[in-house]
Amino acid sequence: MHKLSRRGVLCLLGAGALLSAGCMTKPMLPPNADGTYCFAVGKWYHRTLTCTTSPIPSEQVEAAAKRFEAAPGMLTVYIVRKRWGDAANQVRLTVDGGEPVVMTPESFVRLRMRPGSHTITAVWSEGSTELAVTGAAGEMRVVELVGSVWAWGSTYRLEHGDAAKGRSRVSRLRLVADLQ
């Protein structure tokens with residue numbers, strides 16, 4: 001009987017740990033009153049915010065983007081930013097030298113462009129990086145914005161990603177721009 005009670009306690013502890021693990025994921029903050037979005041890191045008494053400079057798309061547009069569907073006649077590119085060591089810095093993205101879009105940590109951008117070759121550039125306070133993306137009409141590409149932020153500086157790089165992994169990662173991120 002003594003073993004059963006200990007086993008029961010261990011089972012309860014294990015079940016409690018398993019159920020509470022879902023509560024450990026940090027919820028996304030709602031958009032600000034002006035439509036911009038801020039990613040927060042730290043405790044409430046010492047919180048650091050990294051914010052977009054323009055309003056983010058609506059919840060309906062975000063839900064459509066998370067369905068991860070290619071646009072007929074267009075090249076669809078998802079740029080995903082989520083790494084454990086990247087919790088700060090605004091990164092400005094441009095496509096072919098166009099208007100910049102600000103990405104925050106744990107966010108994504110959906111681009112719908114004409115088919116062909118395009119250059120995506122990421123710029124942050126300490127540097128920049130580029131990646132060429134090529135695709136045909138109706139195709140979809142995933143680009144990872146991989147960053148590391150340390151006390152002595154930060155680095156970023158753009159790399160081609162896997163569409164299946166990108167789909168699962170996008171489901172937990174905030175859409176900060178939808179460009180067509």
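**Labels and their cut-offs**

Mentor: Start with burial: buried residues make up 36% of the 180 residues in the protein chain. Buried means under 20% relative accessible area, exposed means over 50%, and partly exposed lies in between, with a 1.4 Å probe and protein chains only. This is a predicted model, where local features need pLDDT of at least 70, side-chain atom pairs count only at pLDDT 80 or more, and totals for chains, interfaces and linings use all residues. Residues are numbered from 1 along each chain as its sequence is written, and side-chain values use heavy atoms, with hydrogens and water left out.

Trainee: Why does Thr 121 count as buried?

Mentor: Its relative accessibility is 15%. The cut-off is under 20%, so Thr 121 counts as buried. Thr 121 is found in strand β7.

Trainee: What does Thr 121 touch?

Mentor: Leave out residues up to four places away in sequence. Thr 121 then touches Arg 92, Leu 93, Thr 94, Thr 129, Glu 130 and Leu 158. Contact means heavy atoms within 4.5 Å.

Trainee: How many helices and strands are there in the protein chain?

Mentor: There are three helices and eleven strands. Both are DSSP runs, numbered from the N terminus: helices are H or I with at least four residues, strands are E with at least two.

Trainee: What makes β7 and β8 a pair?

Mentor: Two strands pair if DSSP finds at least two bridges between them. Nine bridges join β7 (residues 116-124) to β8, and the two run antiparallel. His 118 stands opposite Val 133 in β8.

Trainee: Which sheet has the order β5-β4-β7-β8?

Mentor: An open sheet of four strands, with antiparallel pairing. Its edge strands are β5 (101-103) and β8 (127-135), since each pairs on one side only.

Trainee: How many strands are in the sheet with mixed pairing?

Mentor: Five, in the order β10-β9-β3-β6-β11, and this sheet is open too. The edge strands are β10 (153-160) and β11 (174-179), each pairing on one side only. Within this sheet, β9 (residues 140-150) and β10 pair in the antiparallel sense over eight bridges. Val 146 stands opposite Arg 157 in β10.

Trainee: What makes a set of residues a nonpolar core?

Mentor: The members are buried Ala, Val, Leu, Ile, Met, Phe, Trp, Tyr and Cys residues joined through side-chain atoms within 4.5 Å. The largest core has 24 residues, and Val 77, Ile 79 and Val 109 are among those with the most contacts inside it. A second, separate core of nine residues includes Phe 68, Val 80, Val 170 and Leu 173.

Trainee: How do you know that a disulfide joins Cys 38 to Cys 51?

Mentor: A disulfide is a pair of cysteine sulfur atoms within 2.5 Å. Cys 38 and Cys 51 have an S to S distance of 1.9 Å, so the pair qualifies under that rule. The count by this rule comes to one disulfide. Cys 38 is in strand β1 (residues 38-41) and Cys 51 in strand β2 (residues 48-51), 13 residues apart.

Trainee: Why is the disulfide called right-handed?

Mentor: The torsion about the S-S bond is about 105 degrees, so the disulfide is right-handed.

Trainee: Is each cysteine buried or partly exposed?

Mentor: Cys 38 has 8% relative accessibility, so Cys 38 counts as buried. Cys 51 has a relative accessible area of 22%, so Cys 51 is partly exposed.
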